[in-house]
Structures are given as C-alpha cells and as structure tokens.
Amino acid sequence: MESLSRAGQEMSLAALKQHDPYITSIADLTGQVALYTFCPKANQWEKTDIEGTLFVYRRSASPYHGFTIVNRLNMHNLVEPVNKDLEFQLHEPFLLYRNASLSIYSIWFYDKNDCHRIAKLMAE
C-alpha cells in the first residue's frame, strides 16, 4: 500500500465509512488516478470529471470488496462494488474495466507500479 501514516489511514477509513458504513478496512490505495469512459457511438475514450485518490476496500456485507475514487475536482466520487460482474484488463498505465451495467471505463494511473499492483489485487 502506498505509504500513508497510521493516522492518515484511520482518517481515510473514517471518511469512507461516512459514505458506506459496511467498509471495514482499506486493502490498498493510490494517490493519483483519472477516470475515462468509453463512448461506443464515437468509438473513443472521453475523460470524465473524476480524478483523485483511489481506495480499494473490504466490506462486512455483500459485496465484500469495492473501490472508490475520492474526487478532487468536485463532490461526485466514483463507487464500484467488486463482484463477479466486473471485468478488468491491464493496459499500462490504464486499468480498463466493464461493470454490471456493461459500461466500459479506464482508470489512468500516474504511477505504473500502482497500476500493476491494483490490477493484481482486483484479479484476486
């Protein structure tokens, strides 16, 4: 996990729990990502207005894992449950995924090592 003080981890966990009280712990995080969405009609990627810190977390209720991007640009965070419907593909420095509603997204990672580590965690 990216270096974060124990106090910083506790503050981040408390903030995440305000949005989802079932979150029990942070599995991993990375400090700078940006979200893109695939537009099939235009057959191209478009940058969204979501970028910030990505947290992968464990939950005490189903689904037992999830991830969120805490947005630095506005108050709209990305929240995705991790379940069998989520499909991931690594294309460094991007982690592509398709969710249950069949929307296709790409997460751009500032640090390619973080990209690999998070991709491996998602595969588990």
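Let's begin on helix 2, where the buried residues are Asp-114, Cys-115, Ile-118, Ala-119 and Met-122. These five residues cover an arc of only 130° around the axis, which puts them on the same side of helix 2. Helix 2 is made of twelve residues and spans 17 Å from its first C-alpha to its last, close to the 16 Å expected at 1.5 Å a residue.

Before going further, keep in mind that this is a predicted model. The average pLDDT of the protein is 92, and 97% of the residues score at least 70. Confidence is lowest in helix 1 (residues 6-19), with a mean of 86, and highest in strand 7 (residues 104-109), with 97.

What does helix 2 lie across? Helix 2 (residues 112-123) lies across strand 1, strand 2, strand 3, strand 4, strand 5, strand 6 and strand 7, and runs at about 110° to strand 1. Now look at how the strands are arranged. They form an open sheet of seven strands in the order 4-3-2-1-7-6-5, with antiparallel pairing. At the edges stand strand 4 (78-82) and strand 5 (87-91); each has a single partner strand, so one side of each is left without a neighbour in the sheet. From one strand to the next, the twist averages 30°. Helix 1 also packs on the sheet, where it touches strand 1 (23-39), strand 2 (44-59) and strand 3 (65-71), and its direction makes about 65° with that of strand 1.

Let's walk through some of the strand pairs. In general, strands of a sheet pair through backbone hydrogen bonds, either parallel or antiparallel. Strand 2 and strand 3 run antiparallel and are joined by seven bridges, with Thr-53 opposite Val-70 in strand 3. The hairpin between strand 2 and strand 3 passes through five residues. Strand 1 and strand 2, also antiparallel, are joined by twelve bridges; here Ile-26 has Tyr-57 of strand 2 as its bridge partner. Their hairpin has four residues between the strands, and in it Asn-43 takes a positive phi near 55°.

Moving along the sheet, five bridges link strand 1 to strand 7 in antiparallel fashion, and Val-33 stands opposite Phe-109 in strand 7. Strand 7 pairs with strand 6 in the antiparallel sense over five bridges, where Arg-98 faces Ile-104 in strand 7. The hairpin of strand 6 and strand 7 has five residues between the strands, and Leu-102 in this hairpin takes a positive phi near 65°.

To finish, zoom in on one residue of strand 7, Ile-107. Is Ile-107 buried or exposed? Buried means under 20% relative accessible area, and Ile-107, at 1% relative accessibility, therefore counts as buried. Leaving out residues up to four places away in sequence, Ile-107 touches Val-33, Ala-34, Leu-35, Leu-54, Phe-67, Pro-93, Phe-94, Leu-95 and Tyr-97.

Definitions and conventions
Residues are numbered from 1 along each chain as its sequence is written. This is a predicted model: local features need pLDDT of at least 70, side-chain atom pairs count only at pLDDT 80 or more; totals for chains, interfaces and linings use all residues. Side-chain values use heavy atoms; hydrogens and water are left out. pLDDT is the predictor's confidence in each residue, from 0 to 100. Helices (H or I, at least four residues) and strands (E, at least two) are DSSP runs, numbered from the N terminus. Two strands pair if DSSP finds at least two bridges between them. Axes are lines fitted to C-alpha atoms, for helices over the stretch in contact, and angles run from 0 to 180 degrees between N-to-C directions. Contact means heavy atoms within 4.5 Å. The expected span of a helix is 1.5 Å times one less than its number of residues. Buried means under 20% relative accessible area, exposed over 50%, partly exposed in between (1.4 Å probe, protein chains only). The arc is that of the directions from the helix axis to the C-beta atoms.
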